[in-house]
Amino acid sequence: MYGWLLLTIYDIYTSSPDTAPKDSVVLPAYSTEDKYEDDPWNLPELQDNGLKWSELDTKGKVLRVLTAVVKFILLVGFLYMFVCSLDVLSSAFQLVGGKAAGDIFQDNAVLSNPVAGLVIGVLVTLLVQSSSTSSSIVVSMVSSGLLEVQSAVPVIMGANIGTSVTNTIVAMMQAGDRNEFRRAFAGATVHDFFNWLSVLILLPLEAATGVLYKLTKIIIDSFNIQGGNNAPDLLNVITDPLTDAIIELDKKVISDIATGDPAARNKSLIKIWCKTEKITTLVNITVPSDANCTTGALCWVEGNKTLTQINVTETINLERCNHIFVYANLPDLAVGLILLALSLLILCTCLILIVKLLNSMLKGQVAVVIKKVLNTDFPFPFGWVTGYIAIMVGAGMTFIVQSSSVFTSAITPLVGIGVISLERAYPLTLGSNIGTTTTAILAAMAAPGETLANSLQVALCHFFFNIAGILLWYPIPFTRIPIRLARALGNRTAKYRWFAALYLLLCFLLMPLTILGLSLAGWQVLVGVAVPIVVLAIFIIVVNLMQARCPQYLPSGLRDWDFLPRPLHSMAPWDRVVTSGMAFCGARCCCKCCQSTDDEEKGLQERKKSLEIYDNPVLTRDDEPQETSKETMKATQL
């Protein structure tokens with residue numbers, strides 16, 4: 001299965017438009033359909049088909065202004081609900097899999113293996129849907145002495161990968177339109193490819209040299225760093241009133257399970273008491289003899305009993321929380337599943353409405369100005385500065401919202417509808433990686449004095465990992481491989497939309513679980529299985545590149561993959577199986593998204609043709625009967 005996936009990925013990479021010559025002449029756009037066929041990655045023209053402002057009377061101008069204001073208010077409201085639903089989704093995943101995540105972290109022997117640590121970081125972040133939560137668990141384990149900082153570095157790398165699954169799920173909500181899905185999925189997976197490629201280079205380097213550990217150790221030892229205040233709450237001040245009214249979690253339970261506290265296993269993650277007070281009192285206890293008395297405490301004998309005093313801390317519950325599940329006598333799993341379903345429903349609904357509102361608002365001069373501001377480079381010779389400013393913008397925005405998942409999930413639909421290009425989304429995503437680490441650094445600075453050094457070193461390892469990844473995959477245009485891979489994957493998922501679900505399943509579940517299983521079996525088994533797969537992958541890459549660029553140097557049998565069974569080098573047979581199953585599902589369940597690929601293509605062409613006719617008033621009268629007959633025929637077929 002993995003060999004077939006590698007063959008497919010690198011086959012679409014070598015056939016990507018990026019590998020083709022780019023000196024083609026841009027002809028006049030006679031139709032929208034021709035433009036999409038020539039290059040579907042061109043950003044669509046968001047045209048305004050309504051009346052111009054100068055042509056409106058006073059009533060029309062007032063109505064247009066009121067409509068714009070209402071749309072803006074609705075857009076802000078839907079964005080607010082979108083962000084809150086992401087927060088509730090993270091809480092739902094923690095309720096469903098939080099204790100399992102704590103159990104995974106308990107096996108310190110496995111975490112000492114860098115590859116296993118990386119995979120555990122991916123799986124735990126996938127379970128709790130928050131790299132901040134998984135990082136805080138790692139910091140707790142390091143501070144308690146259960147895990148060394150050097151062993152924590154691969155786990156932090158895995159957390160960086162796991163957090164990118166959220167915006168990939170968001171991109172799948174735009175599967176209704178083929179070209180929007182192409183751009184949105186590429187805009188989401190460019191984050192995945194950056195993280196995986198960075199790990200591919202930096203994990204072996206860290207395992208061999210410990211460069212990140214040594215660099216951060218020098219920084220910690222060189223500066224007299226004092227603890228400060230907590231990281232500022234910016235977006236949380238706005239979203240917490242709503243999310244706290246739905247659910248509040250005691251995230252310390254997961255950390256306690258990971259650090260081996262047996263009492264934490266029976267605790268619920270759902271917070272019941274939001275205001276408590278701890279009172280410490282001296283209590284007399286009986287001990288077997290004087291040798292068992294508490295050091296420094298009073299010890300006396302009464303009759304045949306030896307007594308001493310110890311400090312006992314008691315927690316007094318003062319005030320209950322106000323969320324809707326505080327009185328619900330339900331297990332964590334049931335509450336988590338309820339919140340998971342509701343948050344996904346709200347997330348999908350808000351995303352669809354946001355896309356529709358943006359499509360209706362971004363027209364005419366507004367669209368031109370926004371696209372120019374977001375996608376235009378500075379004039380020569382300062383064009384190279386634009387990308388680095390985008391990185392800083394991404395870091396700043398992520399620092400404000402305090403979540404890279406929220407920021408990247410917010411720009412994904414903008415990439416889909418064509419407001420932001422893939423080339424501009426890439427540096428914004430890199431900046432979001434830096435922004436989330438700066439928040440973690442500030443949070444680590446607020447740690448107590450005894451855990452400050454370890455907490456800050458883990459946060460700095462995360463920071464320098466992302467800096468090193470940016471230095472590898474951004475400064476030189478030739479090294480921006482994640483863009484080319486994401487574009488190729490976007491082309492493939494636009495043609496076979498079921499491949500997006502397969503990609504998520506393989507890259508974030510099956511492959512990590514397989515690697516974890518091999519790691520548990522021992523490094524000999526891992527090397528014995530991994531080395532042949534790596535050799536096969538390199539062979540496939542080299543052969544695909546030579547097939548695309550210099551096939552004359554290959555043996556005749558390797559100039560194509562036709563000697564293999566067709567399902568091993570083509571997705572068409574698999575597509576027929578999947579689309580047949582989805583067509584059966586559509587016939588039984590009346591599911592609109594389960595139509596065949598040919599029907600979707602025809603529907604897309606008819607929709608674009610109707611848009612052409614609407615845009616060109618000259619053709620309206622001549623083609624109106626033809627369109628009417630098509631609509632009548634389509635209705636008859638239905």
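Here are some notes on the predicted model above, point by point.

1. **Ground rules.** This is a predicted model, in which local features need pLDDT of at least 70 and side-chain atom pairs count only at pLDDT 80 or more, while totals for chains, interfaces and linings use all residues. Residues are numbered from 1 along each chain as its sequence is written, and side-chain values use heavy atoms, with hydrogens and water left out.

2. **Overall make-up.** The protein has 25 helices and three strands. Both kinds of element are DSSP runs numbered from the N terminus, with helices (H or I) of at least four residues and strands (E) of at least two. Of the 638 residues, 42% are buried; here buried means under 20% relative accessible area, exposed means over 50%, and partly exposed is in between (1.4 Å probe, protein chains only). Among contacts (heavy atoms within 4.5 Å) with a separation of 6 or more, 76% are between residues 24 or more positions apart.

3. **Nonpolar cores.** A nonpolar core is a set of buried Ala, Val, Leu, Ile, Met, Phe, Trp, Tyr and Cys residues joined through side-chain atoms within 4.5 Å. The largest one has 62 residues, and the members that touch the most others are Phe82, Leu95, Phe105, Val138, Ile247 and Leu339. Apart from it lies another core, of 49 residues, including Ala188, Phe193, Leu197 and Leu212.

4. Three strands make an open sheet in the order S1-S3-S2, with antiparallel pairing. Strand S1 (273-287) and S2 are at the edges with a single partner strand each, so one side of each has no neighbour in the sheet. Ignoring direction, neighbouring strands are turned by 40 degrees against each other on average. Two strands count as paired if DSSP finds at least two bridges between them. S1 and S3 are joined by 14 bridges, and isoleucine 279 has glutamate 314 in S3 as its bridge partner.

5. **The hairpin.** Strand S2 (residues 299-302) and strand S3 (residues 305-320) pair in the antiparallel sense over four bridges. Cysteine 299 has threonine 308 in S3 as its bridge partner. Two residues lie between S2 and S3 in this hairpin, and glycine 303 in the turn has a positive phi of about 65 degrees.

6. **A helix pair.** Helix H9 (residues 178-209) packs against helix H16 (residues 404-417) at an angle of about 145 degrees, with the axes 7 Å apart. The axes are lines fitted to C-alpha atoms, for helices over the stretch in contact, and angles run from 0 to 180 degrees between N-to-C directions. From H9, Glu180, Arg183, Ala184, Gly187, Ala188 and His191 meet Thr408, Thr412, Val415, Gly416 and Ile417 of H16.

7. **The salt bridge.** How many salt bridges does the structure hold? There is one, taking a salt bridge as a side-chain nitrogen of Lys or Arg within 4 Å of a carboxyl oxygen of Asp or Glu. Arginine 487 pairs with glutamate 423, and their closest N and O atoms are 2.1 Å apart. Arginine 487 is in helix H19 (residues 481-495) and glutamate 423 in helix H17 (residues 422-445), so the pair ties together parts that are 64 residues apart in sequence. Arginine 487 is buried, at 8% relative accessible area, whereas glutamate 423 is partly exposed, at 39%.

8. **Around Phe378 and Thr386.** Phenylalanine 378 sits in the loop between helix H14 (364-375) and helix H15 (385-401). With a relative accessible area of 40%, phenylalanine 378 is partly exposed. Not counting residues up to four places away in sequence, phenylalanine 378 touches Gly383, Val385, Thr386 and Ile389. Threonine 386 belongs to helix H15 and counts as buried at 8% relative accessibility. Beyond its neighbours within four places in sequence, threonine 386 contacts Thr376, Asp377, Phe378 and Arg424.

9. **Leu518.** Leucine 518 is part of helix H20 (residues 498-521) and is buried, with a relative accessible area of 19%. Setting aside neighbours within four places in sequence, leucine 518 is in contact with Val525, Leu526 and Val529. The C-alpha atoms of leucine 518 and glycine 528 are 9.5 Å apart, for two residues 10 apart along the chain.
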